[in-house]
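Here is a short briefing for a first look at a protein model. Please view the sequence and the structure, then read on.

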Amino acid sequence: MPPETVEVRRSSRRRRTVSAYRDGEKTIVLLPAGLSSTDEEQWVRRMLDRLAAKEQRRRPSDDDLLDRAIELSARHLGGKAKPSSVRWVENQQHRWGSCTPEHGTIRISTRLRGMPSWVVDYVIMHELVHLLVPSHGPRFWALVEKYPKAERARGFLEGFSTAANGAAEEC
Ligand SMILES: [Zn+2]
């Protein structure tokens, strides 16, 4: 990774809040005017760590996805769905996710990258339930609904498909 270009902006109007964001190649850290230089250094480091952690959550690796799938199965499905692998795939334009129940493998469209983690988790959950129930019947949806943000995530994905003008199906 190249060294980060960090620009610190101090504002007298920004009395209490500290924030950081990426602007192209630069990272902007906004700080209140009254901080000492020692405090400034600490805040900048802290905000950069926080930003990196947030980005990591939004760009999970295949291993991260598998960990999340195992966790979701344990929490909402009593551990009954046993995924063997979960990975990102590029060639999935019309589905957010897919799976092969015989092998316990789940594939997640890279189009979900950068979406909130609770939306990605929903798609993982959908595929996990397919490992147990192949079709979209009442038993399938009853299990999917164990994920608390299921309805909200469906709304999010529908909105996204509409905005992108290309409908992707859940699976
Ligand atoms: Zn499905």
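In which strand is Ser85 found? Ser85 sits in strand β4. The model is a predicted one.

**Ser85**
- Is Ser85 buried, partly exposed or exposed? Ser85 counts as partly exposed because its relative accessible area is 23%, and buried means under 20%.
- Beyond residues up to four places away in sequence, Ser85 touches Leu66, Gly104, Thr105 and Ile106.
- Ser98 lies 13 residues from Ser85 in sequence. In space, the two are 12 Å apart, C-alpha to C-alpha.

- Strand β2 covers residues 19-23, and strand β3 covers residues 26-32. They pair in the antiparallel sense, over five bridges.
- Tyr21 has Ile28 of β3 as its bridge partner.
- Two residues lie between the strands of this hairpin. Gly24 takes a positive phi there, near 65°.
- Asp23 belongs to strand β2. With 40% relative accessibility, Asp23 is partly exposed.
- Glu7 and Asp23 are 16 residues apart in sequence. Their C-alpha atoms are 9.9 Å apart in space.

**Nonpolar cores**
- How many residues does the largest nonpolar core have? The count is 32 residues. Ile108, Leu112, Tyr122, Ile124, Leu128 and Leu157 have the most contacts inside this core.
- Six elements each supply at least two residues of this core: α2 (62-76), β4 (85-89), β6 (105-109), α3 (117-132), α4 (138-144) and α5 (150-164).
- Helix α3 gives the most to this core, with 10 residues.
- Another core lies apart from the largest one. This other core has nine residues, among them Val29, Val44, Leu48 and Leu51.
- Back in the largest core, Leu128 is one of the residues with the most contacts. Leaving aside neighbours within four places in sequence, Leu128 is in contact with Ala69, Leu72, Ser73, Leu77, Ala81, Pro83 and Ile106.

**The second largest pocket**
- This pocket has a volume of about 160 Å³.
- Which residues line the second largest pocket? The lining is made of Leu51, Ala52, Lys54, Glu55, Gln56, Arg58 and Arg59.
- By type, the lining residues are two nonpolar, one polar and four charged.

Technical notes: Residues are numbered from 1 along each chain as its sequence is written. This is a predicted model: local features need pLDDT of at least 70, side-chain atom pairs count only at pLDDT 80 or more; totals for chains, interfaces and linings use all residues. Side-chain values use heavy atoms; hydrogens and water are left out. On a 1 Å grid over the protein atoms alone, a cavity is a set of points where a 1.4 Å probe fits but cannot get out, and a pocket is an open set with protein on both sides within 12 Å along at least five of seven lines; lining residues have an atom within 4 Å of a point. Grid points are joined across faces, edges and corners, and a volume is the space filled by probe spheres set on the points. Ala, Val, Leu, Ile, Met, Phe, Trp, Tyr, Cys and Pro count as nonpolar, Asp, Glu, Lys and Arg as charged, and the others, Gly among them, as polar. A nonpolar core is a set of buried Ala, Val, Leu, Ile, Met, Phe, Trp, Tyr and Cys residues joined through side-chain atoms within 4.5 Å. Buried means under 20% relative accessible area, exposed over 50%, partly exposed in between (1.4 Å probe, protein chains only). Helices (H or I, at least four residues) and strands (E, at least two) are DSSP runs, numbered from the N terminus. Contact means heavy atoms within 4.5 Å. Two strands pair if DSSP finds at least two bridges between them.
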